[in-house]
Structure formats: structure tokens, C-alpha cells
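Biologist: I would like a close look at a single part of this model, followed by some account of what lies around it. Please keep to what can be read from the atoms.

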Amino acid sequence: MIIDFPTKEDFFKTSEDYLNSSWDSVVELLSEFDEVLGLIEDSPHANEADRYWDSAKQTLITSTALVQQAVEFYIKGKIVDISPYLLISGNPQSWPKNCNKNDTSFSAFRSLDAQDLIKVHDSVCEVRFPDKFIQWNERLRIIRNKVMHTVDKNLSVKPEEVLEFILFTYHHFSDDKDWFKSRKRYLGNSPVNSIRHFKEEANSNAYLVNGLLNEFTVVVQALSPSLVLKYFNFEKKTRSVHCPDCYKIVSEMDFFDHEFMDGIGETYQQKKGMAVYDCCICNRTGTLIERQCEEEGCEGNKLHADCGMCLSCGFENAL
Ligand SMILES: [Zn+2]
Ligand SMILES: [Zn+2]
């Protein structure tokens, strides 16, 4: 008998991890570039930015390959949900030796080739992939094949392209379509956050949310307004303020000072024609009121209506 079948959840979970790992690499590059940008502006050498991204090329290509791997696993997960036997490729002659005599793990069997996955998926699943997805997937597959089989000096991927690959994939396959929820789950289980000693610290979440707000700022800067709207429901060109909930969590970091406020991602925004604001990281909603902040020296006159937090200094006014 064949044993140890993977489930749809196993495949989906691994895909999500691949996407997050790919995202980590790209965000790290973008953040670092952001930091050095101010320094290279005065550089006596031309094309310093090109030099940076040229060196980042391999990381970006590897990140793209990881997205392609995630797509494959998502499709496999959907096929396994119909029947795991569909993933076994080849005729019985090519099956592992003695699999009819001993229990044999599923992983010992050859799995379907990547190029056949969409055909199998579209033959057995109720909803077929739309043409747009197939074309998109083809482009990703070409990049991946070049990566795996040759060294193509002309092959390059831009960081924002990789981010879009990741967001497109997650949006297509996940149920919640909320990428920052996935980020929170992933970062919450990162190696360092798995250490109980750290996890038990009262403010461990503060660092996680701070990281999320930082990457929010970096990726919103890199992506076009239409993509930011599509994937984060955030209007890049509309004014936004600090989310009081996210801000409160971040302010629990050791040595935090309200002067750091400026550097924290502003994720709280009023959508067109809506009275309420919402946060695209934690989904908090609320409104603002006009009232003078009572903190000494603060001239702010806008507070969050439900908690009294001042938009300018973060002080919580009594309501
Ligand atoms: Zn928030
Ligand atoms: Zn204030």
C-alpha cells in the first residue's frame, strides 16, 4: 500500500513558506537599497544604483524560482485534494521496486512533471485556470527553466516584479487573499520567534509588527499605485496616518520613544467615499475627531475617536 500521502494543507503551507521566504529576500534588498540611497547620491561614481541591482541579480532570480516552486505546490495541493493518486506519474513498471509487497511512501514515487500539472488540474478540478493565469505561469516557468538549466547573462528580474509574482500567486490561491496576514503567520513562526524564551517576553509582538510596518513602507514605495490598491486595498497617493493599534504595539519596544513616530509606517487610511479609516496591516477600523491634544507641548488637534490617541504625538487622551 502507498502510505504518507501529503495533503492539500501540506502543499499549501509549503507554498506559503516559499512565497514568504522569497519576499524576505526581496524586502531585505529593497530596505538595504533604501538605506544606502542617501549615501550614494553624493558618490563620485556614476551608476551606483545599477551596480547595486546588478549584484542583487542572482538573489532576485532565485527568489523568482522560489515563487515558481510555490505555484507548482499550490497546483499539486489542488490536485491532491481530488485524489493523491493523480500525482503519481509513469506506468506501474516504473513504480518503486516491491511497492506491491511492502508499504511504500508516496515520496518514493515519481511525481507528475511540472509541465503536466495545469493539464491534470484543468482535467480534474471543477474550475479551470483562466488564460491569464496560464500566460502568467508560462512566463514564470521560462524564467525558472533558464535558472535551472543555464546561465543566461541577459536574464534579469526587477525587485518589484518578484513582489508582484508573489502577490499574484498568493492572491490567486489563498482563501484570505490578505498577504499581511500570511506575513504575520510566517514571521510569528520564524526561527527566532519560535524560541519560547523570546516568545514569552511581553513585547515580542512589538518587534514583529514594527518589522511589518517597515516592510509595508518599503514595498509600497516599490510597487505601482494600482498594484498597491489591488493587493493591499491602499491608495498610495492618498494621505494616511498611523494605525493606533499597530502604533500601540510598536511603542512597547524597548527604548521606544514617541520621536520615532515619523519612521513608522502609516497604514491607516480613509477610503474614497467612506467615513471610516482602516488599517491594511491589522484591519482595525475607526474614525477621527477634532480635539486639542492634552499632552504638554503638543499642538495636535486630531484624535482617534475611540481611544483618544493623538495623531501627532501618540499620547492617549481621556475621552
Ligand atoms: Zn493596524
Ligand atoms: Zn498630541
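What arrangement do the four donor atoms around the zinc ion (ligand 2) make, and why?

Modeller: This is a predicted model, and the description below should be read with that in mind. The arrangement around the zinc ion (ligand 2) is tetrahedral, because its four donor atoms subtend angles of 106 to 112°. For the class to apply, every angle among four donors has to lie between 85 and 135 degrees. Ideal angles for four tetrahedral donors are 109.5 degrees.

The protein donors of this ion (ligand 2) are the SG atoms of Cys293, Cys298, Cys310 and Cys313, at 2.3 to 2.4 Å from the zinc. Along the chain these donors have the spacing C-x4-C-x11-C-x2-C. Within the set, Cys298 and Cys310 link distant parts of the chain, being twelve residues apart. Cys298 sits in the loop between strand E6 (288-290) and strand E7 (302-304), whereas Cys310 belongs to the segment after E7. Both are buried: Cys298 has a relative accessible area of 13%, and Cys310 has one of 1%. Buried here means under 20%.

Asn317 is also found in the segment after E7. With a relative accessibility of 4%, Asn317 counts as buried.

Cys279 counts as buried, at 1% relative accessibility, while Cys282 counts as partly exposed, at 28%.

Phe255 is worth checking for its backbone. Phe255 lies in the loop between helix H12 (244-250) and strand E3 (268-270). Its phi is positive, at about 60°, although Phe255 is not a glycine. Most residues other than glycine have a negative phi. Phe255 counts as exposed, with 78% relative accessibility.

Lys177 is another non-glycine residue with a positive phi, here of about 50°. Lys177 is placed in the loop between H6 and H7. At 37% relative accessibility, Lys177 counts as partly exposed.

Helix H6 (residues 159-173) and helix H7 (residues 179-188) have their axes 10 Å apart, at an angle of about 95°. H6 and H7 are therefore roughly perpendicular to each other, a class that covers angles of 65 to 115 degrees. H6 contributes Ile166, Leu167 and Tyr170 to the contact, and H7 contributes Trp179, Ser182 and Arg185. By type, the contact of H6 with H7 has four nonpolar residues, one polar and one charged.

Another buried position is Leu117, with a relative accessible area of 1%. Leu117 is found in helix H4 (residues 117-124). Apart from neighbours within four places in sequence, Leu117 is in contact with Glu72, Ile75, Lys76, Ile79, Leu87 and Leu112. Of these, Lys76 is 41 residues from Leu117 in sequence, yet the two C-alpha atoms are 7.2 Å apart.

As for the chain as a whole, the protein has twelve helices and seven strands. Along the principal axes, its C-alpha atoms fill a box of roughly 80 × 50 × 45 Å. The chain has 319 residues, of which 44% count as buried. Among contacts between residues at least 6 apart in sequence, 60% join residues at least 24 apart.

Definitions and conventions. Residues numbered from 1 in each chain as written. Chains lettered and ligands numbered in written order. Predicted model: local features only at pLDDT ≥ 70, side-chain atom pairs only at ≥ 80, totals over all residues. Heavy atoms only, no water. Donors = N, O, S within 2.8 Å, 3.2 Å for Na, K, Ca; no water. Tetrahedral: all angles 85-135°; square planar, octahedral: opposite > 155°, others 65-115°. Helix = DSSP H or I, 4+ residues; strand = E, 2+ residues; numbered from the N terminus. Buried < 20%, exposed > 50% of the residue type's maximum accessible area, 1.4 Å probe, protein only. Axes fitted to C-alpha atoms, helices over the stretch in contact; angles between N-to-C directions. Parallel < 35°, antiparallel > 145°, perpendicular 65-115°, else oblique. Contact = heavy atoms within 4.5 Å. Nonpolar A, V, L, I, M, F, W, Y, C, P; charged D, E, K, R; others polar.
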